[in-house]
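This briefing concerns one predicted model. It is arranged by topic for reading beside the sequence and the coordinates.

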Amino acid sequence: MAVSNVKKVKSSEIELKDRLVGIQRVTKVTKGGRAFTFSAIVVVGDEKGVVGHGLGKAKEVTDAVSKGVDDAKKNLVKVPIYKGTVPHEQYGKFGGALVYLKPAAPGTGVIAGGAMRAVLESVGITDVLAKSKGSSNPHNVVKATIDALTKMRDAITVAQHRGIKLEKVFNG
């Protein structure tokens, strides 16, 4: 039984910070020469458990980034955070990108690279061990990281789904 624990969030209710993951210059060759445009992948989050990603395309870098931020605000999700880290180990997959998140002790920091780091810092995680396997394409790594985070369940959610008391989740 697959239980969806993805909670959509309205962007108007929270203060969001945006992080630019990557900018690509795209060239279209026409008979009149080369036409350059830019695509920007952006991650937004409130650093308290809410995160979203977006893609913006425009002829100017600043326009592409602002379009990416607007797109990211449209698909925000709420993620459980437990004492500054993730509640449990989790794999996430999107396309050829496979990511692995593992809880870490306080003071460890965010041990993750590039696109994963931007997502994990935006969501407000301060201590985590992360590994990216497979494709390093930033678009797919961001989506795989968000996939792993949305699969996370805290102890309260697990207790509710099983219909048992919170203490019994830990005691078995």
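The cover over the buried residues of helix α1 includes β2 (17-30), β3 (33-45) and β4 (50-58); such cover is counted by contact, meaning heavy atoms within 4.5 Å. Helices (H or I, at least four residues) and strands (E, at least two) are DSSP runs, numbered from the N terminus. The model is predicted, with local features requiring pLDDT of at least 70 and side-chain atom pairs counting only at pLDDT 80 or more, while totals for chains, interfaces and linings use all residues. Residues are numbered from 1 along each chain as its sequence is written, and side-chain values use heavy atoms, with hydrogens and water left out.

**Helix α1**

- Helix α1 comprises 14 residues (61-74) and reaches 20 Å from its first C-alpha to its last, close to the expected 20 Å; the expected span is 1.5 Å times one less than the number of residues.
- A64, V65, G68, V69 and A72 of α1 are buried, where buried means under 20% relative accessible area, exposed over 50% and partly exposed in between (1.4 Å probe, protein chains only).
- These residues lie on the same side of α1 because they cover an arc of only 140° around the axis, the arc being that of the directions from the helix axis to the C-beta atoms.
- An α-helix has 3.6 residues a turn, so residues three or four places apart point the same way.

**The open sheet and its aromatic pair**

- Four strands form an open sheet in the order β6-β7-β9-β8, with mixed pairing; two strands pair if DSSP finds at least two bridges between them.
- β6 (90-94) and β8 (110-111) are the edge strands, each pairing on one side only.
- Five bridges join β6 to β7 (residues 97-103) in the antiparallel sense, and Y91 stands opposite Y100 in β7.
- The structure holds one aromatic pair: the ring centres of Y91 and Y100 are 4.7 Å apart and their planes meet at 40°, so the pair is tilted.
- Rings of Phe, Tyr and Trp (its six-membered ring) pair if their centres lie within 6.5 Å; planes under 30 degrees apart count as stacked, over 60 as edge-to-face and the rest as tilted.
- Y91 is partly exposed because its relative accessibility is 40%, whereas Y100 is buried at 18%.

**S122 in helix α2**

- S122 belongs to helix α2 (residues 114-123) and counts as buried, with 0% relative accessibility.
- Beyond its neighbours within four places in sequence, S122 is in contact with residues including V43, V44, D46 and V50.
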